[in-house]
Amino acid sequence: MRKILSALAIGCCLFFVACSNGGKTVVRIDENSTTDLSGKWNDTDSRIVADEMIRSCLTSPKITAVMQNMGKTPTVVVGKIHNKSHEHISVGTFTKDIERVLVNSGEVEFVANAQQSAELRQEVADQQGYASDETVKSYGQEEGADWMLMGTISTIVDQEGGQAVIFYQVDMELIDIQTHKKLWIGDKKIKKFVTRDSVKL
């Protein structure tokens, strides 16, 4: 009888806890799992697009030939990724995914973007008056990038009642900073069909 009462007491406690949380349940899932609740751009899209586009770029015959003619490992910086879509997209997260793939590829050197460079230059300036002679960093030692990667994210939405088709297109270009020649142009398309009682995009 005592065990039964204890079980009932525990059950009541769990019931009241669930009620106090509004019935919400939180479950941790694998960060690499594919989850698509709203049909909008998400972390899976960002990761997949970055992986596929950078691999396509670095393995293209044109880029392979240019890298061989350079006689050295090219240095790349990621420029602006413009969001021209109809929804809010975390461009910063997408840029980091691109940087991750570039760095981990081992095919190119990678330098800080404009915002990071500004902070680093400020640190060098601060060191001039405060760091020891043995550790102070000097001006004019930055490595200039050879190429810049830039891109845009665009969408087309076709909606009728509770159904919608969302078409994403990511366009990217790799440009030679010295000559402004476009070395590579690539795109990745994603199409999603969303259906529910009331579609809000």
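1. A residue counts as buried when its relative accessible area is under 20%. By that cut-off, buried residues make up 33% of the 201 residues in the protein chain. Please keep in mind that this is a predicted model.

2. Overall make-up. The protein chain has five helices and five strands. Along the sequence they follow the pattern α-α-α-β-α-β-α-β-β-β. Take the contacts between residues at least 6 apart in sequence: 67% of them join residues at least 24 apart. The chain exposes about 13,700 Å², and carbon and sulfur atoms supply 54% of that area.

3. The sheet. Five strands form an open sheet in the order E2-E1-E3-E4-E5, and the pairing is mixed. Its edge strands are E2 (109–110) and E5 (182–195), each of which pairs on one side only.

4. The E2 side. Strand E1 (residues 75–83) runs parallel to E2, and two bridges pair them. Val-76 has Phe-110 in E2 as its bridge partner.

5. Helices on the sheet. Helix H2 (residues 43–58) packs on the sheet and touches strand E3 (147–160), strand E4 (163–176) and E5. The direction of H2 makes about 150° with that of E5. Helix H4 (residues 91–105) also packs on the sheet, touching E1, E2, E3 and E4. For H4, the angle to the direction of E1 is about 155°.

6. The E3–E4 hairpin. These two strands pair in the antiparallel sense over 14 bridges. Asp-158 stands opposite Val-165 in E4. Two residues lie between the strands, and Gly-161 in this hairpin takes a positive phi near 60°.

7. The E4–E5 hairpin. Pairing is again antiparallel, here over 13 bridges. Gln-163 stands opposite Thr-195 in E5. Five residues separate the two strands, and His-180 in the turn has a positive phi of about 65°.

8. A residue to look at: Lys-181. It lies in the loop between E4 and E5. Is Lys-181 buried or exposed? The cut-off for exposed is over 50% relative accessible area. Lys-181 has 56%, so it is exposed. Leaving aside neighbours within four places in sequence, Lys-181 is in contact with Leu-174, Ile-175 and Asp-176. Trp-147 is 34 residues away from Lys-181 in sequence, and their C-alpha atoms are 9.6 Å apart in space.

Conventions:
Residues are numbered from 1 along each chain as its sequence is written. This is a predicted model: local features need pLDDT of at least 70, side-chain atom pairs count only at pLDDT 80 or more; totals for chains, interfaces and linings use all residues. Side-chain values use heavy atoms; hydrogens and water are left out. Helices (H or I, at least four residues) and strands (E, at least two) are DSSP runs, numbered from the N terminus. Buried means under 20% relative accessible area, exposed over 50%, partly exposed in between (1.4 Å probe, protein chains only). Contact means heavy atoms within 4.5 Å. Accessible areas come from the Shrake-Rupley method with a 1.4 Å probe; for residues, only the protein chains shown count as cover. Two strands pair if DSSP finds at least two bridges between them. Axes are lines fitted to C-alpha atoms, for helices over the stretch in contact, and angles run from 0 to 180 degrees between N-to-C directions.
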